Amino acid sequence: MSSDITPPPMPGYGPAVPPPAPARGPRTVLVAVAAAAVAAVVSALVTAGVTGDGEAGPAPTVTVTKTAAADDGAAPADDESTPATEETTAGEDGAENEDGVYALDDTVVYEPATEVGLFGLKRAVTGEYAEPENTAYLRFTVKIKNGGKKALDVTQLTVDCSYGQDGKSSESVFDSEAGLDGGPDTKLLPGRSINVPWGCELPKGEKLVQIEVTPDFDSEEAIFTGNVK
């Protein structure tokens, strides 16, 4: 028997031990915190919607503006446009001017096509048989043109005058010798016009006059004002 003893084989090495995981850096911590915050907000919203505890706030005001696509890919800018000015239009029973005030030499146009104007303004003095007599007054002619399609009842014509800064009432003048007999007695047919002579008291020292003319009961009054020589 041999005296040599063969030693048993050495055991092999076990599986490799994995290296320790690297520590989490600041970026990983920030991402985790942000995710947790978002999750908390979403959870709160869902809870409020389910339980009904949350109150809905006022809806935001939305302004729609005209936009155009930008060529360079930038976001389009809002187009702040100025609102259009409203046009002043006449109603069926009103003059075109919004406030109804005109110069002495203006022509007022009513809808559909009635025209009213003053002509031949001049100073005069009434005679001894006039009403009022021997009084300084302003003489003028009211011209009315019927451009509509039906007769205009100009027997309803009214003319009222005043003078001065304080608007003192002016008496109408009636003088047959001067042709001042008041308003017309007939209707005005379509396409025709009529000239109505009129007179209003105006002292010699006064220049500012206001003459209010209403062609018929269906129309608003037109106010003519200005200074006379």
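1. **Asn134 and the β3–β4 loop.** Asn134 sits in the loop between β3 and β4. Strands here are DSSP runs of E, at least two residues long, and helices are runs of H or I, at least four residues long; both are numbered from the N terminus. Phi of Asn134 is near 50°, a positive value in a residue other than glycine. Most residues other than glycine have a negative phi. Asn134 counts as exposed because its relative accessibility is 53%. Exposed means over 50% relative accessible area, buried means under 20%, and partly exposed lies in between (1.4 Å probe, protein chains only).

2. **Basis of this note.** This is a predicted model: local features need pLDDT of at least 70, side-chain atom pairs count only at pLDDT 80 or more, and totals for chains, interfaces and linings use all residues. Residues are numbered from 1 along each chain as its sequence is written, and side-chain values use heavy atoms, with hydrogens and water left out.

3. A cis peptide bond joins Glu131 to Pro132, with omega at about -5°. Most peptide bonds are trans.

4. **Overall make-up.** The chain has one helix and nine strands. Read along the sequence, the pattern is α-β-β-β-β-β-β-β-β-β. Of the 229 residues in the chain, 26% are buried.

5. Strand β2 covers residues 107-110. β2 pairs with β3 in the antiparallel sense, over four bridges. Two strands count as paired if DSSP finds at least two bridges between them. In this pair, Tyr110 stands opposite Thr114 in β3. The two strands form a hairpin with three residues between them.

6. **From β3 through β4 to β7.** β3 and β4 are antiparallel partners over 10 bridges. Phe119 stands opposite Thr141 in β4. β4 also pairs with β7, in the antiparallel sense, over nine bridges. There, the bridge partner of Lys145 is Ser193 in β7.

7. **Gly120.** This glycine lies in strand β3. Gly120 counts as exposed because its relative accessibility is 56%. Gly120 and Asp105 are 15 residues apart in sequence, and their C-alpha atoms are 9.7 Å apart in space.

8. **β5 and its two partners.** Strand β5 (residues 158-163) pairs with strand β8 (residues 208-214) in the antiparallel sense, over six bridges. Val159 stands opposite Val213 in β8. β5 also pairs with strand β6 (residues 168-170), again antiparallel, over three bridges. Tyr163 stands opposite Lys168 in β6. β5 and β6 form a hairpin with four residues between them. Gly164, in the turn, has a positive phi of about 85°.

9. **Gly167.** The loop between β5 and β6 holds Gly167. Its relative accessible area is 40%, so Gly167 is partly exposed. The C-alpha atoms of Gly167 and Leu208 are separated by 9.0 Å, although these residues are 41 residues apart along the chain.

10. **Gln156.** This residue has its place in the loop between β4 and β5. Gln156 counts as buried because its relative accessibility is 19%. Gln156 and Thr186 are 30 residues apart along the chain, with their C-alpha atoms separated by 9.8 Å.

11. **A negative patch.** Which residues gather in a patch of negative charge on the surface? They are Glu128, Glu131, Glu133, Glu171 and Glu177. Such a patch joins like charges within 9 Å, using residues with over 30% relative accessible area and no salt bridge. A salt bridge is a side-chain nitrogen of Lys or Arg within 4 Å of a carboxyl oxygen of Asp or Glu. Asp and Glu count as negative, and the charge of Glu is placed at CD. Accessible areas come from the Shrake-Rupley method.

12. Glu171 is in the loop between β6 and β7 (193-201). Glu171 counts as partly exposed because its relative accessibility is 37%.

Notes: Patch = residues over 30% accessible without salt bridge, like charges linked within 9 Å, V, L, I, M, F, W, Y side chains within 5 Å. Areas by Shrake-Rupley, 256 points an atom, 1.4 Å probe, with all protein chains shown as cover.
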